[in-house]
Amino acid sequence: MTDSYRMGRAGSPRLQANKRQTISRMGISRVSLLIFILAAALVLAACRGGRGGTGDQAGAGLDRAIQNKGSDTLVNLALAWAEAYREVEPTISIAVTGGGSGTGIASLLNGTVDLANSSRDISENEIATAANLGIDIREYVVAIDAIAIIVHLDNPVEELTLNQLADIYTGRITNWREVGGNDAPIILLSRETNSGTHVYFLEEVVRLGDRQNRDIFAPETLLMPSSVGITSELRRNPNAIGYEGLGYVDESHEKVIRVAAGPGLPYIPPSLETAASGDYPIARNLYIYTAGEPTGEIARYLDWILSPVGQAIVRELGFVPIVDGALD
Amino acid sequence: MNLDDNEERPSLREMAGQAVRLARATKWDEFVIENGIRLAGMSAIVIIALIFFFLLREGSPAFLDIPLRQLGGSRWYPIEALWGLLPLLYGSILVTVGATVIAVPLGLTTAVYLGEFAPTWQRELFKPLIELLAGIPSIVLGFLGWVTLAPLVMRLGAPTGLTAFTGSLLLAYMSLPTIISITEDALYAVPREYRDGALALGATQWQMVWRVVLPAARSGIVIAVMLGIGRAIGETMAVMMVTGNAANIPELGLGVFFEPVRTMTATIAAEMGEVAQGSMHYHVLFGVGIVLFLITFAINSLATRLVGGGVRRRSGGML
């Protein structure tokens, strides 16, 4: 009896000790498991987020959504319009996709989209194709993309030509002295390579609009993740030069450079008027094309885009509105 | 009496049955717990394997389809399909080396002071404060660095405040809490007899710390330094904000620390958001991830090798 009794008592504490150990060990591995699951979930979420790109708002209670496709430069603006238009006409849904200006116009000619976004003029070829198909293409300038060249307020340089800008950004000119400024190194600021503004600046300024030109930004160029990154570095660095959408410029904190299209040509300050008239060299129209005269909901949507409300959104996204009222 | 006694006492058969039941219950219990633990442990391994597999699958096209000479190039410009990884490697290494050079002496001396020389009230005040430092989100530190550190570095004479040095300073600051608290723990774990023995032999306090305690805590200190470096090389947001992100390799010299650089982590963070899935750019960014993974792996193996190097288990302390 005593034997068995002792056995039982001796057995149970050991068992408990065993259990306790197991449980605490399990606690640790559970925590690490949880961390791994969280990490994995985050990774997956990040991957999905990357895929999410351009939103699709089709199928919200109407037979057919207005299809809007084209330029990647315009895609965020088009999305913002589509979103804001929901509050105006909740029953109308607008499906926005990117893919590039050419894709948009091609889809318009195929009849698969109602509105084609484009950051360039429609080409002769495309007009000819449309004529063959009996389509009467209508062009609407919906916004202007103008890039202002900005420097520190203390920088004595007031004006530059496009060629000088190209030399500066490719690293052929590295000192402000060479363009009439102080004897100081030029600090180049740019947006990241995935920004549409970066690509436009590359094509129109660094390569001077020449498609054969393969020049690229100097490796010393500081790539900023945002426009705010450019302006705040520019405000504290007297030797920096940067560029940004005209809509973002604040002339009380940064100096805007007057730009000439070439040597001997007049230096033009960027503004609504000079950008709209085409005098300012680093500006381009952003278009929406339709096949034939728009009617019904599509016409109403286009009117709204060109109204002060629609144009206020243009300014919010850093582009130049084409209606004066939207600037204030 | 004797009969009663016999009746109260369980028969041998009963005792055996009880023991078997007990054993069965225990076995079942243990079976569940043991396998639960095994599953948890295995799933961690499986998840790591899956992450590694995913990284390899998405990144390997970069190494298979792009000639090595191009990957070893000195220009990184995705728009023109220039995939030179050298400037990114250079940026990451420069920033991390700078951070290590700043953080290790500072961290070790702070830990030695706190652990060996500081009066108790100081230790009780500073240790929690230092640990609190580790909890500050890196983006907040990045913002502080952008607002305060960058103008300071520019005043030192750098052409811009956004340089490798600024990043190193910030990363050093971020890895200090790790280095200090782990080193301090390692010092704390050195047995009291070691100190007593050293002092009894007539060593001064300084000699005791330098000759006895520090060597005894060596493995813990190595781990502290390695974890600090690990934190530095993997840091992303703060570095992206203060290093200028210029994929450039300046001419060698002491001035290189005062030039902007672009790290691997910042490149992935800046470019992954807009990249088309399945494009070469996408694969190359994962390729950069693989390179980063290999570097951290190398650092970890180096740490294990150093720690394993003939130091007795006991002196390693808390690990």
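In which helix of chain B does B:Met174 lie? The residue sits in α7, which spans residues 164–188 of chain B. Helices here are DSSP runs of H or I with at least four residues, strands are runs of E with at least two, and both are numbered from the N terminus.

A word on conventions. This is a predicted model, in which local features need pLDDT of at least 70 and side-chain atom pairs count only at pLDDT 80 or more, while totals for chains, interfaces and linings use all residues. Residues are numbered from 1 along each chain as its sequence is written, chains are lettered from A and ligands numbered from 1 in the order in which they are written, and side-chain values use heavy atoms, leaving out hydrogens and water.

**Chain B as a whole**

Chain B holds 13 helices and two strands. Its radius of gyration, taken over C-alpha atoms, is 28 Å, well over the 20 Å from the globule rule for 319 residues, so chain B is more spread out than a compact globule. That rule is 2.2 Å times the number of residues to the power 0.38. Along the principal axes, the C-alpha atoms fill a box of roughly 105 × 65 × 35 Å. Of the 319 residues in chain B, 43% are buried, meaning under 20% relative accessible area with a 1.4 Å probe, protein chains only.

Helix α12 of chain B (residues 264–272) is largely enclosed by the rest of the structure, because seven of its nine residues are buried. Among them are B:Met264, B:Ile268 and B:Glu271.

| Residue | Location | Relative accessibility |
|---|---|---|
| B:Met174 | helix α7 (residues 164–188) of chain B | 2% |
| A:Arg207 | loop between α6 (196–206) and β7 (222–224) of chain A | 5% |

Contact means heavy atoms within 4.5 Å. Not counting residues up to four places away in sequence, B:Met174 touches B:Ser138, B:Leu141, B:Arg231, B:Glu235 and B:Ala238.

How values were computed. Buried < 20%, exposed > 50% of the residue type's maximum accessible area, 1.4 Å probe, protein only.
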